[in-house]
Each structure stands twice: as C-alpha cells, then as structure tokens.
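Please keep the structure in view while reading.

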Amino acid sequence: MAACKEKDAKLEAIASSIRVVPNFPKPGIMFQDITTLLLNPKAFRNVVELFVDRYIDKGISVVAGVEARGFIFGAPIALAIGAKFIPLRKPRKLPGEVISEKYDLEYGTDCLEMHIGAVQPEDRALVVDDLIATGGTLCAAINLLERAGAEVVECACVIELPELKV
Amino acid sequence: MAACKEKDAKLEAIASSIRVVPNFPKPGIMFQDITTLLLNPKAFRNVVELFVDRYIDKGISVVAGVEARGFIFGAPIALAIGAKFIPLRKPRKLPGEVISEKYDLEYGTDCLEMHIGAVQPEDRALVVDDLIATGGTLCAAINLLERAGAEVVECACVIELPELKGRERLKGKPLHILVESH
C-alpha cells in the first residue's frame, strides 16, 4: 500500500538522520545521537507524528518524559494528544514532594523522581524516552507511575538496542 | 479588543498554573515551578501557541533550548515553526565535538555546551528557557550561538524575575516573556 511505503520512507529517513558517535560516554559504546535528527525539521516532525497517530485514540491522559532527551519527544506528543506532561527527573531537580525509584546501572545505581500528585489513579500513561538500552530507566519510570496508581499503557522510544534484551 | 482580552485571559491562566515552591533549592529562594503548568494541557498549549504566533513569520531557522526545562518549551516551538532544534547542555552530555561557554553562578561557575556544526553562520536563532533570573545562562547561550556565527534574534522565556535584571545581561538582545514574578 502507498501508505506503508510512505511510512517506510519516513522511518528510513529518521534512521539515517541519527548519528552514531563511537566511544561515548566511554570506550566501546556506540552512542546513538538523536541531535542530528533534531536538526532535520521534517524528520523530527515525522517522529512526533508517527507517535501521535498511534496514541491519539488510546485515551492517554499522561505522557511521562524521561529526563532529558525524553522531554524533547514527550512534550510535543503530550501537546498533540492533549495529555498532561510529566517530567521524570534525576534526583533533586524537582521542587516539592517527590517519590523516588532506584535502578541499577552497569556500575552502581541511579534514581528517578516524580512529583507526588502529578498522576492520579485513573490516569492512563505513556512513557517516552529517546532510546531503550537495558530498560532499567524505563522500568523505574513504570514503577513510579504504578506506585502513584496510574496504568502504564505503553512505552515509546525512537530507538531500541534489541541485543540488550528488554 | 476581544483578541486582547482573550490573550490576557490566557496569560492569567498561565500565570496561575505556575506553582511557587519556597526554599528550593535552598533557603530564601521562591522557586517558580512550571511542572504544574505542564499538568494543564490547555495552559501548556497556550504557552506554545503564544510563542509560535510571535515567531512564525520571523524567519527563525534554529531554536536553541537550554537544558532541561528549555527542551520542554523549545522543542514544540521548533516543530511548529519548522526550525532546527538544538539542545544546549550541561558538560559531558553531548556526544562528539562541542564548544563550551562558562558562566558565573552565585557561588562558582557552570558551563553550557553546544555541538560544533549544529548552527551555521546564516542561521537566525531563538533561545528558549522556562525562566530568566540573573541572565547568566541565557548570556552563555547567546555567546555559544554567536561564536558559531549565528544571529540571535531573541530570547524567549515563560517567566521573568525582573528584580534580578537579567534582561540587561543579554548583550542587547531582546527578551520576550509571558509572565513576570515579583
């Protein structure tokens, strides 16, 4: 179908706009850099539209974006589907009362926080980040939203590193 | 005019959706928290539309958002006006080659970085952040863009703290804000 070919063309353009930076943040890591996608207004718009098309009719009331690249994709999606936008942040960035969720890193742990009261038990949530690697951050995000009583409908990322088996 | 009253009503709703959190991040600071605005889809949409209406015809080719709350407002503005979006980030977050600009804090200094090659000399740039206080961060953002040869057309923030006179530290660049907080 013409619509599929059009979508494939969009996805191919999106994929080729992403830059791989070797050995960042440390030797051996091939970093998936979405900043070059953001320099391509058409590709950036297509990313957002592809997500919005998927979620517009799913009764999503909350989009939770993972700091900081998740803000860049999550905020436009939230605006387009009329949902609340909730920033999930590193420790001590959010003012006021928060709940925290720890998660494992390769070495050590990190922590994600969400405002108390941002989410209600009847909320249907979408979690957005630029990339999923091991899934540790997204799992922490899901935990925060569920602890507040929301239903996490789906997680949405631009890029997946499938070999990391999430 | 009806349009002015409508805009005033929008601005009032925006202002009242912002939460003030006392003594954050330290005693004495009344922190302007925009997360409550983001929980109000109509107010958030109005913020973006008010900026987009202003910039849509100004030939802006680049929107530079200051990490991290500047991403939340800057990215939707960039999308709506068809401009490139450039994240200006804290040190060691951007992969690849960057230029860095130091700026003063109350105690000590901090640093903002931008990718080399993100911006071209013919680019016309808008800088976006959620709030302007002393203007130090925005000044660093202007410097990064100008060092890369771009023209900074304006700075846009949701909130201004006018007593801190940040407006005077923008190298003569105009500032556009939606709400003032005293």
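A salt bridge is counted here when a side-chain nitrogen of Lys or Arg lies within 4 Å of a carboxyl oxygen of Asp or Glu. The model is predicted: local features need pLDDT of at least 70 and side-chain atom pairs count only at pLDDT 80 or more, whereas totals for chains, interfaces and linings use all residues. Residues are numbered from 1 along each chain as its sequence is written, chains are lettered from A and ligands numbered from 1 in the order in which they are written, and side-chain values use heavy atoms, with hydrogens and water left out.

Chain A contains five helices and eight strands, where helices (H or I, at least four residues) and strands (E, at least two) are DSSP runs numbered from the N terminus. Read from the N terminus, the order of these elements is α-β-β-α-α-β-α-β-β-β-β-α-β. The radius of gyration of chain A, 16 Å, is close to the 15 Å given by the globule rule for 166 residues, so the chain is as compact as a globular protein of that length. That radius is taken over C-alpha atoms, and the rule is 2.2 Å times the number of residues to the power 0.38. The C-alpha trace of chain A spans about 45 × 45 × 25 Å along its principal axes.

Of the 166 residues in chain A, 48% are buried; buried means under 20% relative accessible area, exposed over 50%, and partly exposed in between (1.4 Å probe, protein chains only). Among contacts in chain A with a separation of 6 or more, 59% join residues 24 or more positions apart, a contact being heavy atoms within 4.5 Å. A UniProt record, an unreviewed entry, places the feature "domain: Phosphoribosyltransferase" at residues 36-162 of chain A; such annotations may be inferred rather than shown by experiment. Over residues 36-162, chain A is 34% helix and 34% strand, with end C-alpha atoms 22 Å apart.

Over all chains, the structure holds 23 salt bridges. One of them joins A:Lys84 to A:Asp123, with the closest N and O atoms 2.9 Å apart. A:Lys84 belongs to strand 4 (residues 84-88) of chain A and A:Asp123 to the loop between strand 6 (109-115) and strand 7 (124-132), so the pair ties together parts that are 39 residues apart in sequence. A:Lys84 is buried at 14% relative accessible area, and A:Asp123 is buried at 6%. Elsewhere in chain A, salt bridges link A:Glu67, A:Arg89 and A:Lys93 in a network.

In chain B, B:Lys171 and B:Glu146 meet in a salt bridge at 2.9 Å, N to O. This pair links distant parts of the chain, 25 residues apart: B:Lys171 is in the loop between strand 8 (151-160) and strand 9 (175-180), and B:Glu146 is in helix 5 (residues 136-147). B:Lys171 is partly exposed at 45% relative accessibility, as is B:Glu146 at 28%.

Eleven of the 13 residues of helix 4 are buried, so the helix is largely enclosed by the rest of the structure. Among these buried residues are B:Phe71, B:Ile72, B:Phe73 and B:Leu79. After helix 4 comes B:Gly82, whose phi is positive, near 70°.
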